[in-house]
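Reader: Could you take me through this structure? I will ask about particular points as we go.

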There are 2 protein chains.
Amino acid sequence: MSEKSLGVGLVQHACVDNTDTNLEAAIDGIRRAAQQGAQLVLLQELHGSRYFCQTEEQANFSLAEPIPGATTGRLQQLASELAIVIVGSVFEQRSNAVYHNTAVVIDSDGSIAGRYRKMHIPDDPGYFEKYYFTPGDLGFEPVTTSLGRLGVLVCWDQWFPEAARLMALAGAELLLYPTAIGRDPRDDKDEQLRQLDAWRTIQRGHAIANCLPVLVCNRVGHEQDPSGQTDGIQFWGNSFIAGPQGDILAEAGEQNAVLVARLDLSRTAGLRQAWPFFRDRRIDAYQGLLKRLCD
Amino acid sequence: MSEKSLGVGLVQHACVDNTDTNLEAAIDGIRRAAQQGAQLVLLQELHGSRYFCQTEEQANFSLAEPIPGATTGRLQQLASELAIVIVGSVFEQRSNAVYHNTAVVIDSDGSIAGRYRKMHIPDDPGYFEKYYFTPGDLGFEPVTTSLGRLGVLVCWDQWFPEAARLMALAGAELLLYPTAIGRDPRDDKDEQLRQLDAWRTIQRGHAIANCLPVLVCNRVGHEQDPSGQTDGIQFWGNSFIAGPQGDILAEAGEQNAVLVARLDLSRTAGLRQAWPFFRDRRIDAYQGLLKRLCD
């Protein structure tokens, strides 16, 4: 099998109040990733702003924008200039009644190749996303680009093996997770470490179950809780790029980082022949997966 | 929430041709685990014999036995004597036409609490299981015991997030995998390490996705390929016990080992409130999971 080599990168950065500054940080990182050989660059979830879901605040809806819109326009220009694929993340205003947490894929000619609207929406203290985001209604459909079919998912989706599997069944060649997750500074150290390791492990698990490489891009930095009720979120970074056996190819720490690695997409087919999981799925016995509980 | 503490153990051992010797090794390990506080002991897959599936040999069907039968009888006696739950693994002769790879759960009063017939059956060089085992037709049903509901799965099932999820949806409080997996001595060292790490990682991932502890019991030792076509299998041991965040509580190396750890089963409910994955599953959008491919 001939190698299908792909340079991939991601940009992990802290966000500030000024949205222009955030977009410039992302653009700067994209340029650096491209210089290092990335043909595809993944940005973190909601990279244009602070993670505003720490509180339910109507004024935050002003951060939303349509797709195509200002952010995608800027990313389209850049993708075309650098001739790379960019996966961005936008608080999408679909109408004046429906908003989504949307990943948007810009192809290397600057066109919008497609979008994924976050399907699983979290809601727990500090992550009040159900207030802002209507759950996606586009399903788990990979986006076809000039570089291959991208299985783009978003943050909370990363905890659901179903999401990764559906992307794989639909032909994704790569899984990508823009994300925004961190620790609660009030948790004890052991719990903080367990959470980080769980987050890394389950996503490596999706790589393994589906024999697909995985890119995960998370933000860094401490962001205060505007309500003052908590100690805010310490976004834990640790973005990583893993191969189709869950093998870590590159990983970041907790500082701003540009991460680049080379993937051989042709590994997937060989792995799937060696360990043929897809041949053996018991689709005759999976009906319970469509239930809330099998009780 | 009150602690629901459970001492769990597993017995990892090499197998020889003499099946009595193998059963005695298991029994000796069970006794030692019980002495160390295990109320539940998991044995490895097909612990009564060498891993005979390296070749397709009709004579190997003589290793099969009914349930109840000689092996379960011996384990029932022991479970009753020690007042513990034992999860064994038997090449089950269901009739003279249908054989299964079956995990059997003996309750602490010596009764057979239930069984699980391996649903996903592998078939790849050295693991010719499709020749011997009819795929299970009991579905993914936890077995109810005096210690709780056990989500028992077997080996190849460990690569399928669907199996663990279905057990969790049906009320399993613990996932258990008797297994028989090793490295091909002809693979290069890096590939051997990637495989072992993938195996560990994906099962820790099932713990995380479902907020359930996981016990994995694998065999050790080199077993020759009777056909002489390969260099046999070096079973890699590395049995482990993980908590519901995938946190390793105990793990073995590649020698005979008895592993015991204490689980707090009440952690699951708290975790599921903190990270409520089950609340947010998109069961309206999972129909594709029942398909071979979404193409």
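Predicted model: local features only at pLDDT ≥ 70, side-chain atom pairs only at ≥ 80, totals over all residues.

Reader: What is the handedness of the crossing of α5(A) and α5(B)?

Author: α5(A) and α5(B) form a left-handed crossing.

Reader: And which residues make that contact?

Author: From α5(A) come Asp197(A), Ala198(A), Thr201(A), Ile202(A), Arg204(A), Gly205(A), Ile208(A) and Ala209(A). α5(B) contributes Asp197(B), Ala198(B), Thr201(B), Ile202(B), Arg204(B), Gly205(B), Ile208(B) and Ala209(B). Sorted by class, the contact of α5(A) with α5(B) has 8 nonpolar, 4 polar and 4 charged residues.

Reader: Now the whole interface. How many residues does the contact take from chain B and from chain A?

Author: The contact takes 54 residues from chain B and 54 residues from chain A.

Reader: What area is buried between chain B and chain A?

Author: About 5,300 Å² is buried between chain B and chain A, and carbon and sulfur atoms give 62% of this area.

Reader: Which residues in chain B lose the most area to chain A?

Author: Trp275(B), Leu290(B) and Arg292(B) do, and together they account for 13% of what that side buries.

Reader: How many salt bridges are counted between chain B and chain A?

Author: The count between chain B and chain A is 8 salt bridges. One salt bridge between the chains joins Glu162(B) to Arg165(A), with the closest N and O atoms 2.7 Å apart.

Reader: And over all chains, how many salt bridges does a search of the whole structure find?

Author: A search of the whole structure finds 46 salt bridges over all chains. Within chain A, Glu129(A) forms a salt bridge with Lys118(A), and their closest N and O atoms are 2.7 Å apart.

Reader: Where do Glu129(A) and Lys118(A) lie?

Author: Glu129(A) belongs to helix α3 (residues 129–132) of chain A, while Lys118(A) is in the loop between β5 (112–117) and α3 of chain A, so the pair ties together parts that are 11 residues apart in sequence.

Reader: Let us turn to helix packing in chain B. At what angle do α1 and α2 of chain B pack?

Author: Helix α1 (residues 19–35) of chain B packs against helix α2 (residues 70–82) of chain B at an angle of about 15°, and the axes are 11 Å apart. α1(B) and α2(B) are therefore roughly parallel to each other. α1(B) passes α2(B) in a right-handed crossing.

Reader: Which residues make the contact there?

Author: On α1(B) they are Leu23(B), Glu24(B), Ile27(B), Ile30(B), Arg31(B) and Ala34(B). On α2(B) they are Thr71(B), Arg74(B), Leu75(B), Leu78(B), Glu81(B) and Leu82(B). The residues of this contact divide into 7 nonpolar, 1 polar and 4 charged.

Reader: Next, the backbone. Which peptide bonds are cis, with omega near 0°?

Author: Among them are the bond from Ile67(A) to Pro68(A) and the bond from Ile67(B) to Pro68(B). Pro68(A) lies in the loop between β2 (40–43) and α2 (70–82) of chain A. Pro68(B) lies in the loop between β2 (40–43) and α2 of chain B.

Reader: What is phi of Ala83(A), and what is phi of Asn238(A)?

Author: Phi of Ala83(A) is near 55°, a positive value in a residue other than glycine. Ala83(A) is found in the loop between α2 and β3 (85–93) of chain A. For Asn238(A), also a residue other than glycine, phi is positive, near 60°. Asn238(A) is placed in the loop between β12 (233–236) and β13 (240–242) of chain A. Most residues other than glycine have a negative phi.

Terms used. Residues numbered from 1 in each chain as written. Chains lettered and ligands numbered in written order. Heavy atoms only, no water. Axes fitted to C-alpha atoms, helices over the stretch in contact; angles between N-to-C directions. Helix = DSSP H or I, 4+ residues; strand = E, 2+ residues; numbered from the N terminus. Parallel < 35°, antiparallel > 145°, perpendicular 65-115°, else oblique. Left-handed = near helix turned anticlockwise from the far one by under 90°. Contact = heavy atoms within 4.5 Å. Nonpolar A, V, L, I, M, F, W, Y, C, P; charged D, E, K, R; others polar. Buried area = accessible area lost by both parts, 1.4 Å probe. Salt bridge = Lys/Arg side-chain N within 4 Å of Asp/Glu carboxyl O.
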